[in-house]
Amino acid sequence: MKRKKIEKKLKKELDRERYTHTLGVMYTAASLAMVYGADLGQAMYAGLLHDCAKCIPNDKKLELCEEYGIPIRESERNCPFLLHAKLGAYLAKHLYKVDDQMILHAIQTHTTGEPHMNVLDKIIYISDYIEPNRKTAPNLSEIRKLAFENLDMAMLKILGDTLAFLKEKGGEIDPLTIQTYQHFQDKINITKE
């Protein structure tokens, strides 16, 4: 499906704020792709579709994941909003006709992250956090600058701030986010040695 056609469809599916955020992620991902030599088209499609399942009610997300055979971890069952990444990758493939595995993987990992993320995965994860319409995330100006200097350092900072925020508010923490944080911490420590 052509990008403009997907944009029109998403404009109907997402609320206005989420659609504005989606376009912000798409253009931020394109900018980071140019900096890091990633494929511009992949970055734009992954950015555009990363939240395609976000506005589906949480109980419906659970129901659809079960219907489509998408595995659900205990943390996702407890916090079904996390499922929008996995469900989004499924919808990107089956509803929006995206068959590029790198795009689908970037959509799937943009919420919790995962160890050993590729460049496109990191670009989408970071773009979701730093896009221009985002206003309230901690250390945002520092992370925006860092994102254009070092993807791994930006990942570590975002993951650390996310974990601190979840601990402070008493929210459930997905074990995959902890593993991802530990992976980037180890990777950066090895690089420093």
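The crossing of helices H4 and H6 is left-handed, a term used when the near helix is turned anticlockwise from the far one by less than a right angle, with right-handed for clockwise. The model is predicted, so that local features need pLDDT of at least 70 and side-chain atom pairs count only at pLDDT 80 or more, while totals for chains, interfaces and linings use all residues. Residues are numbered from 1 along each chain as its sequence is written, and side-chain values use heavy atoms, with hydrogens and water left out.

Two packed helices are described by the angle between their axes and the distance between the axes. The table gives these values for two pairs.

| Helix pair | Angle between axes | Axis distance |
|---|---|---|
| H4 (residues 58-68) and H6 (residues 84-94) | about 55 degrees | 10 Å |
| H2 (residues 16-36) and H8 (residues 119-130) | roughly 135 degrees | within 8 Å |

H2 passes H8 in a right-handed crossing. Among the contact residues are His-21, Val-25 and Tyr-36 of H2 and Val-119, Asp-128 and Ile-130 of H8. By class, this contact has ten nonpolar, three polar and one charged residues.

Conventions: Axes are lines fitted to C-alpha atoms, for helices over the stretch in contact, and angles run from 0 to 180 degrees between N-to-C directions. Helices (H or I, at least four residues) and strands (E, at least two) are DSSP runs, numbered from the N terminus. Contact means heavy atoms within 4.5 Å. Ala, Val, Leu, Ile, Met, Phe, Trp, Tyr, Cys and Pro count as nonpolar, Asp, Glu, Lys and Arg as charged, and the others, Gly among them, as polar.
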